[in-house]
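I opened the notebook to look through this structure piece by piece. Here is what I looked up, in the order I went.

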Amino acid sequence: MTTALETTSVGPAAYELMERLFPLCRSLTGDGVRATFDALEEHIPITRTEIPSGTEVFDWIVPDEWNIRDAYILGPDGTRVVDYRRSSLHVVSYSEPVRTTLSLDELRERLHTLPDQPDVVPYRTSYYARTWGFCLSHRQLLQLPPGDYEVVIDSTLEPGNLTYAELEIEGTGDAEVLISTYVCHPSLANDNLSGIAVATMLAKRLLARDDLRNTYRFVFGPGTIGPLSWLHQNRDRLDRIQHGLTLSCIGDAGDLTYKRSGREHAEVDQAMEIVLRDSGAPHRILPWEPWGGDERQFCSPGFDLPVGSLMRTPHGEFAGYHTSADGLERIRPESLAGAVDTALRLVDVLESNRRYRNLSPYGEPQLGRRGLYRSAGGAVETPDDERALLWVLNQSDGESSLLDIARRSGLRYPVIRRAAERLENAGLLAG
Amino acid sequence: MTTALETTSVGPAAYELMERLFPLCRSLTGDGVRATFDALEEHIPITRTEIPSGTEVFDWIVPDEWNIRDAYILGPDGTRVVDYRRSSLHVVSYSEPVRTTLSLDELRERLHTLPDQPDVVPYRTSYYARTWGFCLSHRQLLQLPPGDYEVVIDSTLEPGNLTYAELEIEGTGDAEVLISTYVCHPSLANDNLSGIAVATMLAKRLLARDDLRNTYRFVFGPGTIGPLSWLHQNRDRLDRIQHGLTLSCIGDAGDLTYKRSGREHAEVDQAMEIVLRDSGAPHRILPWEPWGGDERQFCSPGFDLPVGSLMRTPHGEFAGYHTSADGLERIRPESLAGAVDTALRLVDVLESNRRYRNLSPYGEPQLGRRGLYRSAGGAVETPDDERALLWVLNQSDGESSLLDIARRSGLRYPVIRRAAERLENAGLLAG
Amino acid sequence: MTTALETTSVGPAAYELMERLFPLCRSLTGDGVRATFDALEEHIPITRTEIPSGTEVFDWIVPDEWNIRDAYILGPDGTRVVDYRRSSLHVVSYSEPVRTTLSLDELRERLHTLPDQPDVVPYRTSYYARTWGFCLSHRQLLQLPPGDYEVVIDSTLEPGNLTYAELEIEGTGDAEVLISTYVCHPSLANDNLSGIAVATMLAKRLLARDDLRNTYRFVFGPGTIGPLSWLHQNRDRLDRIQHGLTLSCIGDAGDLTYKRSGREHAEVDQAMEIVLRDSGAPHRILPWEPWGGDERQFCSPGFDLPVGSLMRTPHGEFAGYHTSADGLERIRPESLAGAVDTALRLVDVLESNRRYRNLSPYGEPQLGRRGLYRSAGGAVETPDDERALLWVLNQSDGESSLLDIARRSGLRYPVIRRAAERLENAGLLAG
């Protein structure tokens, strides 16, 4: 159960995908999202769902579709002092169309800056209250000369659709694993694009396998309303979701951080904690809290799905969050590759974890006779392997899973899993 | 749900009550207890119960009633060298009447001192074995000249009554909260009078409210035999007691200390722990042990009532415990006021804690539309308020109480409670 | 319930027994084991069981019996350069008979040394693969001159029997306590003989008692196949085993170490942890792991017996384990005596632990009237005694055992036990 493709290429490939996606103006709806899906489609065979504006999804209503072709502010001298074409962050997301001329004082009320971070452009949205505005650095604001400014936002905000994309990688069993990430942020790198890139590369690797027991379902949709739309469309089949993971802010140099699902000790929580423990790398496990990303929807009490969240530096903790400082220079290809690798190790646990029954439970079976112990060559090279055999035999009472045994023994999960395979092959264990 | 009276006046008022009570000679029974109740009656409308001597209360028998008018020792020169009128501590509580003349050697066998604390008068009782004696400082004992001493204890110890007092502040629901303190110690300040004063001021504040759901029942009785008598009188209605608290040694400068009920994790235990956590002040939580005050009776296995104990420096830990060193100078009005305030915060939790059900459990409801989130003004001023809304929605599955949510979220209870009220008002939560 | 014999003599007596056993060549089977039992029989009335070679015991088969009369290597000069009579470690246990002459190069392939511990002779066995060999120090190996070596192993390896010994000390009740140790190691002191000596002295002390409630069953057999044989012979009556303990490596200067049974919190685990806590001496509690000694068989999932393990320095942690460095000089008589004493304290807990019911559960009973409190003389000397009375009364709801009360109260088990006895005598407690 090793990964089919070279993982050394994963980091650069994921990074390239992020570079391609970075300039697109994503939002809750619109062609920026669709263009993003066009790019993903070159890697993985996603299918799209369009949900019409006005559709009720639980307590929410799908908003009008927003599209933008251009937006700028012409200064008194006729030059573009703020230009959407330079960065999609310059226009408040979901801005109504506008074409007018304003004095500097009038204009100022429509401009968003961060006085305490004077060099960065903030990211602003106004999805559910109609308005318009521009974002720019505070330093630039201070330099604007008095005079008349021509303001143009060439956008549309009218009934249309919300778009989400899905990929199902079918396994042989009934259980599904949900992998979800969001696609609604414009030119932000770690906060959004990193999750898209890692999910895409993970999907690519899983597509290359033919040994999967679980079905893996990837969902790419706008934050909050995206997962809600997907949940609404799939509300009659959610009992198939046995495990889930959201991906966000996962491309920076920080350590991996796992936030538990609302259940706190679901199998996916236990699995990810063992994967991170086994990695030997510094990492953090955060308790559940109903604050953060799309896990808020999956783990709401009506659904209570076992969906955890994998990230690096959590969104509240990195400087420049939701500003132009969250650019591609913050991203490390090896961080992306490490995230894919960690997700694949999680997949390995979810694929192989089960409860066994020791078929020779009265005393230890004589392992030496079966070439499993001590004198045996081959895979049994280390004391850990021998200990793993004894642990699996001792704990396989039909109640403890391999994950339970890995946790209790302190031995690495792959060592426990291999021991179980060898014991099963020797006829000493039944699944 | 704020307190109706100014709490700034609580400390001085409680202290004044203690000053008034200090000289009275309380014991298990007798007119000292009744005079104490006379003083309380100026603050709160208590009712009294008299239990005749000889009444069987579970394994105990109500003892004879003890009253004392005067007691003294005349020295060889005819002056009162030990005088009950100077301090009620000078006579062993429950001393039989005596009128005799003794040599110094004979007298010494009736004198109690503390050689290792030579300046203080010890507190001694002999409730269940008939005897008599005096207490004085060891330094004074050493200065007594040889000669004949005339000894007088003008007391009575005969069939009468044990007296306890009660106050019921009726709520709209069925549940009762028991607040108990003891009234049997003579001129001791922290050990006894502080509890009486805090209970009285707490009762006074609760009497001024008309919004109480629980009934609050205050019991003032002599230690051990008092609660046992009350329990015996009320043995058929104890199932109404849902929460309880004893108050003792609560007026000194020490941090608040809460000792858990015998159940360790009853609602009152959880509530008090959250109240103390939310206070931000240093405090201690002690595990249950069947050693201490009247909680020993309430938490005995036959009753197993959820009664915790609130104090400051526990009785075993302060120097001068059960001696004349436990005088009024040890008491701080602000300590008394802080105890009343803490008890009122406990009341707020016991009044408001409940389990809610999220009426929009499929995903997060759209709070912005209802003015509850972000753009909303008014009460939503801090991120804590927003987090509290999400926590309450996420956890309100009918199983978790507001107290559970306050504990799990780390947010202050009042913030959680207000979030629940706002969500209920918005039709998103049902109690 | 004090021990009947002077324990001051236990250490020297145990040490003498080890001296007597040290030279014997024990193995899985054979006359070395029988001679060991002959020596034990001078202390305790054991009975022996012989299991024929070829008998199936669960997944195992009893091997042929091995006996050895002599073994040596004659050097080129005709002197015995390696001589079994000097130490039984010199011959690989279960070596086939051989009589041949080899060059030094040929001989070397049959010689086992420890290059990184050049002064010690290793201990080697080959129970289940037929072969032969010698063990010697690496230093001696390097000094062997070239030339022809005459090699003689005068052994037999043929159908016979496996021998184990048992001692049953009958109690008045139905429950049995299993005490097990192994007898298959040749001239090794701490690893093997210490357990035999401690078990023997413990049995001797229990034989002198007539107040035992539990039956104590001592089993002395070869490692792994010994307990398996005993379990197989007794497979229909294993439900009588309520507690168990294996003894190993228990004579060195290290602190006592207890490894929990597979159940982790069986009564024997709780009891031993309280005994070690009460000792006030440094000690270690290890979690269960299916690695170690004969507890691996008792705690296999098919049996799941509550059998813990008492030792001093665990076998993996002392230098010279399984070499000639594990000699008698490593053993301290006081360590042996301390182990016997600890086991006797465990016996005291297992004999006396039970759940009581407070017959006066409504409030505290009036202990003073019964001479149990404060004024009482006699056994009630310390506050601990009074606290113990209150703890036992408070917790005796028929659910909590004395062990539970000792743990929760922090009071020493004997103090709790005595309090329960006194309360039972006073008619306040029923067993």
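Before counting any pairing, I reminded myself that two strands pair if DSSP finds at least two bridges between them. I also kept in mind that this is a predicted model.

**Entry 1: a sheet in chain B**

I started with strand β17 of chain B, residues 355–358, and found that it pairs with β18(B) in the antiparallel sense, over 2 bridges. Looking for facing residues, I noted Arg355(B) opposite Ser401(B) in β18(B).

Then I asked myself: in what order do the 3 strands of this open sheet run? The order is β18-β17-β19 in chain B, with antiparallel pairing. β18 (397–401) and β19 (429–430) of chain B are the edge strands; each has a single partner strand, so one side of each lacks a neighbour in the sheet.

I next checked what lies across β17 and β18 of chain B, and found helix α11 of that chain, residues 402–409. Helix α11 runs at about 65 degrees to β18(B).

**Entry 2: helix α7 of chain A**

I wanted to know how the span of α7(A), residues 267–279, compares with expectation. At 1.5 Å a residue its 13 residues should span 18 Å, and I found the end C-alpha atoms 18 Å apart, which agrees.

I went through burial next. The buried residues of α7(A) include Val268(A), Met272(A), Ile274(A), Val275(A) and Leu276(A). After the helix comes Gly280(A), with a positive phi near 75 degrees.

**Entry 3: where chain C meets chain A**

I looked up the contact and found 18 residues from chain C and 20 residues from chain A taking part. The area buried between them is about 1,800 Å², and carbon and sulfur atoms give 50% of that. Which three residues supply more than any others of the area that chain C buries against chain A? They are Asp59(C), Trp291(C) and Pro301(C), with 37%.

I counted 5 salt bridges across this interface. Asp59(C) turned up again here: it forms a salt bridge with Arg370(A), with the closest N and O atoms 2.7 Å apart.

**Entry 4: Leu141(A)**

I finished with Leu141(A), which sits in helix α4 of chain A, residues 138–143. Is it buried or exposed? Its relative accessible area is 11%, so Leu141(A) is buried, the cut-off being under 20%. Setting aside neighbours within four places in sequence, I found Leu141(A) in contact with Arg108(A), Leu111(A), Thr113(A) and Leu136(A).

Note on methods:
Residues numbered from 1 in each chain as written. Chains lettered and ligands numbered in written order. Predicted model: local features only at pLDDT ≥ 70, side-chain atom pairs only at ≥ 80, totals over all residues. Heavy atoms only, no water. Helix = DSSP H or I, 4+ residues; strand = E, 2+ residues; numbered from the N terminus. Contact = heavy atoms within 4.5 Å. Axes fitted to C-alpha atoms, helices over the stretch in contact; angles between N-to-C directions. Expected span 1.5 Å × (residues − 1). Buried < 20%, exposed > 50% of the residue type's maximum accessible area, 1.4 Å probe, protein only. Buried area = accessible area lost by both parts, 1.4 Å probe. Salt bridge = Lys/Arg side-chain N within 4 Å of Asp/Glu carboxyl O.
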